[in-house]
Amino acid sequence: MRKLILVSLSILFLCCAARNLQAQQPTPTPGPLTFFYDYTVFPGKEDELMTLINTVGAPVRDKLLAEGVILAWGVETPILRYPGGTTHLIWFTVADYAGVEKVLNGMEARLAKLAADEAQAARGRQRPAMTTAERTRSVFDMSKTRDWLTRDIVAGFGPPPKAGVLPFTRYNFVKVKPGKGPDYRRTWEKYNKPVFDKLVADRVVLAYGLAAEEVKTDGDFTHFVWIATANMAEADKIGPAFAADRARRSEKDRNEITQDFLEATEPDKARSIVTRSRIFKLAAPK
């Protein structure tokens, strides 16, 4: 406080002017939120999982998709399996927290209705072979279920894919050092975003994004990049595009790019997964 008191009036006026100018600037619109459910499905229960999705979640998500609450939703499976790993991801994207609440409320209402219908059927001696709750317990290892809420910081989208396309998505997880988030984003937008934008313009990449956990629950990563392509053949073109971008730069520039990323991140924490969509739906264009 003493230092502030000693600041000259001229600097104080300049600071006030800067604040007023900043207040007049438009506030950036927050990126969309994506809610991920990571599930471990018991072996041999994949068909029952799809029954559950079509009975419980899909009606809710499709309705909210048609109403414009949900922007997109899907079901994905990792192409690489490993002990203890996630077997299925179900996700939906919305504009804001109000959208998240509507989806969660819709799911609760749907489960309550199914339970009431099943109880009424049981009273009429027409009890189903398995209730929805029983089927859920038989399909999922609930001790391994994990939820994530993420927000896109930067994103780029091409035209909607053709009907029936089930994209492949690569997720690159990165751990940014404490206090280096703004530096990492600036570096990423300066050097990586232009390459992705060209890949979108060339119809190689369907969409991409730089995202972070909206609600921090895990220390293994702070940010992740997702890249969706119509097939794996298109993904083959991403690496060469980045190699070409770096090759046209001077050695000094390449070293600076490498150094900037190294200073902002913990490279040994980087991880990746690639998934294949089993269900993929987008809201109709407005």
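User: In this predicted model, which strands does helix α7 lie across?

Analyst: Helix α7, residues 193-201, lies across β4 (146-157), β6 (207-213) and β7 (223-229). Relative to β6, the helix runs at about 140°.

User: What do the strands form, and in what order do they run?

Analyst: The general idea comes before the case. Strands of a sheet pair through backbone hydrogen bonds, either parallel or antiparallel. Here 8 strands make a closed barrel with antiparallel pairing, in the order β1-β3-β2-β8-β5-β7-β6-β4. On average, neighbouring strands of this sheet are turned by 30° against each other, with direction ignored.

User: Over how many bridges do β2 and β8 pair?

Analyst: Strand β2 (residues 70-78) and strand β8 (residues 271-282) are joined over 7 bridges, in the antiparallel sense. As one example of a bridge partner, Pro78 has Thr275 in β8.

User: Which strands supply the lining of the largest pocket, and how do its residues divide by class?

Analyst: At least two lining residues come from each of β1 (33-39), β2, β3 (88-94), β4, β5 (168-174), β6, β7 and β8. By class, the lining of the largest pocket has 25 nonpolar, 8 polar and 4 charged residues.

User: What is the volume of the second largest pocket, and what lines that pocket?

Analyst: The second largest pocket has about 750 Å³ of space. Its lining consists of 26 residues, with Asp38, Tyr82, Trp148, Phe173 and Ile273 nearest the centre. Two or more lining residues come from each of β1, β4, β5 and β8. Of these elements, β8 gives the most, with 4 residues. The lining of the second largest pocket divides into 13 nonpolar, 6 polar and 7 charged residues.

User: How many aromatic pairs are there, and why is the pair of Tyr37 and Phe92 classed as it is?

Analyst: The count is 19 aromatic pairs. For Tyr37 and Phe92, the ring centres are 6.3 Å apart and the planes stand at 50°, so the pair is tilted. Tyr37 is in strand β1 and Phe92 in strand β3, 55 residues apart, so this pair links distant parts of the chain.

Technical notes:
Residues numbered from 1 in each chain as written. Predicted model: local features only at pLDDT ≥ 70, side-chain atom pairs only at ≥ 80, totals over all residues. Heavy atoms only, no water. Pairing = 2+ DSSP bridges. Axes fitted to C-alpha atoms, helices over the stretch in contact; angles between N-to-C directions. Contact = heavy atoms within 4.5 Å. Nonpolar A, V, L, I, M, F, W, Y, C, P; charged D, E, K, R; others polar. 1 Å grid on protein atoms, 1.4 Å probe; cavity = no way out; pocket = protein on both sides within 12 Å on 5 of 7 lines; lining within 4 Å. Points joined across faces, edges and corners; volume = space filled by probe spheres on them. Phe/Tyr/Trp six-rings, centres within 6.5 Å; stacked < 30°, edge-to-face > 60°.
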